[in-house]
2 protein chains.
Amino acid sequence: VRIAELSTRSGTSIPSIKYYLREGLLPAGTPTGRNQADYADAHVRRLRLIRALIDVGGLSIAAARDVLAAVDNTDLPDFFLLGVAHHALDRSAGRDRHDPVWTAARTEVFQRLRERGWLVEDDSPNLDRAADAVAAMRELGQDDLLDCLPVYIEASEHMAVTEVDTVIARGEPAGMVEGVVTGTILGEALLNAIRRLAQQDAAARRLA
Amino acid sequence: VRIAELSTRSGTSIPSIKYYLREGLLPAGTPTGRNQADYADAHVRRLRLIRALIDVGGLSIAAARDVLAAVDNTDLPDFFLLGVAHHALDRSAGRDRHDPVWTAARTEVFQRLRERGWLVEDDSPNLDRAADAVAAMRELGQDDLLDCLPVYIEASEHMAVTEVDTVIARGEPAGMVEGVVTGTILGEALLNAIRRLAQQDAAARRLA
């Protein structure tokens with residue numbers, strides 16, 4: 001189909017499509033003449049994925065490009081793909097690693113998760129992000145907020161097992177690749193929205 | 001103290017401090033002469049909060065300014081403050097509200113939460129964000145990822161009750177205000193980091 005129909009079918013404006021083509025997020029169509037190209041169903045599907053990553057997942061163009069490149073690279077192991085999806089979601093500026101409060105927070109989270117039996121790589125950037133939040137709570141004198149950490153750990157365990165099992169149940173590799181990316185990125189957007197709705201509910205009950 | 005010592009004590013560079021002053025995130029110090037001002041402990045504390053919101057929470061300058069203005073406005077009810085914190089965390093571009101897939105997704109989430117007994121306002125932007133994610137999963141043909149929704153709902157219930165109770169346990173209003181903001185924003189950063197670590201653990205186990 002031509003670009004106009006690609007626009008209609010994907011619900012994406014022509015300028016946006018041209019932008020994604022220029023930025024390398026959407027592969028070029030098959031040239032059919034001067035300034036014209038033919039686009040296939042794969043383009044409609046890819047555009048929906050791009051929109052989901054950017055509009056719903058809140059990813060930057062650069063982060064979305066990294067994720068799509070990983071999805072296209074069929075040689076990557078699934079586990080590596082999870083790291084790519086996590087990296088794309090990482091919006092934090094990161095803190096000074098030499099700060100003793102931060103170092104202590106990182107060790108504390110690491111040990112807690114190890115005691116719980118989690119397989120945690122010591123160099124995981126996710127561990128850095130957890131330390132960022134814990135150190136910030138401590139420095140702001142909000143230590144009591146860390147009472148929520150055990151609940152976060154327990155809840156995350158349940159969620160992650162369900163998420164990983166859902167993706168693995170697909171069986172075929174191509175479906176698993178898309179599942180890792182969308183499950184991680186859209187799943188985080190969904191969970192955060194549900195958590196905020198739960199906070200509204202809990203606050204309304206307690207303050208009533 | 002002078003700006004140099006404020007910089008040392010807060011771990012924030014002088015150019016950053018000047019930027020936050022210009023942008024209205026940090027109140028001006030007491031003038032002590034031409035181009036000089038004196039800063040108090042409240043400034044050190046405020047700078048830590050600014051850094052936490054931006055570096056750890058991933059907030060934009062504009063979003064951080066909104067949150068700080070709400071924290072400073074002692075007339076606001078706590079419940080409103082929760083909405084301000086949620087709004088600041090909202091990074092999604094939002095989808096077309098006339099799209100039938102989106103409308104159906106929104107109704108589905110709303111009904112599920114109501115059946116579960118949650119108090120959900122029908123016009124909550126958090127409901128829109130949940131609908132964004134559900135609609136995107138559907139359109140990408142990843143409906144099976146929605147098998148995780150019941151786990152997200154149950155987990156969020158536990159987390160939200162603990163979070164709200166922790167903040168309410170403080171008793172005094174000023175502490176509750178800071179608790180709502182930091183608990184919501186830093187809590188989300190912490191939870192997301194912990195959830196990703198749980199995904200790494202679950203994936204490593206299943207693929208081992």
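**Central cavity and chain interface**

The lining of the largest cavity receives at least two residues from each of four helices: α7 (125-139) and α9 (173-207) of chain A, and α7 and α9 of chain B. In this predicted model, the volume of that cavity is about 430 Å³. Its lining comprises 30 residues, with R91(A), E188(A), R91(B), E188(B) and N192(B) lying nearest the centre. Classified by residue type, the lining of the largest cavity contains 12 charged, 10 nonpolar and 8 polar residues. Over the whole structure, the search identified 4 cavities of 30 Å³ or more.

The interface between the two chains was examined next. Contact involves 88 residues of chain B and 88 residues of chain A. About 8000 Å² is buried between chain B and chain A, and carbon and sulfur atoms account for 68% of this area.

Polar interactions across the interface were also counted. Between chain B and chain A, 33 residue pairs are in polar contact, with both residues at pLDDT 80 or more. The side of chain B that touches chain A draws two or more residues from each of α3 (41-56), α5 (78-89), α6 (100-115), α7 (125-139), α8 (149-168) and α9 (173-207) of chain B. The greatest contribution to this side comes from α9(B), which provides 27 residues. By class, the side of chain B that touches chain A consists of 45 nonpolar, 23 charged and 20 polar residues.

Salt bridges across the interface of chain B and chain A number 10. One salt bridge joins the side chains of D144(B) and R170(A), with an N to O distance of 2.6 Å.

Methods. Residues numbered from 1 in each chain as written. Chains lettered and ligands numbered in written order. Predicted model: local features only at pLDDT ≥ 70, side-chain atom pairs only at ≥ 80, totals over all residues. Heavy atoms only, no water. Contact = heavy atoms within 4.5 Å. Buried area = accessible area lost by both parts, 1.4 Å probe. Salt bridge = Lys/Arg side-chain N within 4 Å of Asp/Glu carboxyl O. Polar contact = N/O pair within 3.5 Å; in protein donor to acceptor, adjacent residues only side chain to side chain. Nonpolar A, V, L, I, M, F, W, Y, C, P; charged D, E, K, R; others polar. 1 Å grid on protein atoms, 1.4 Å probe; cavity = no way out; pocket = protein on both sides within 12 Å on 5 of 7 lines; lining within 4 Å. Points joined across faces, edges and corners; volume = space filled by probe spheres on them.
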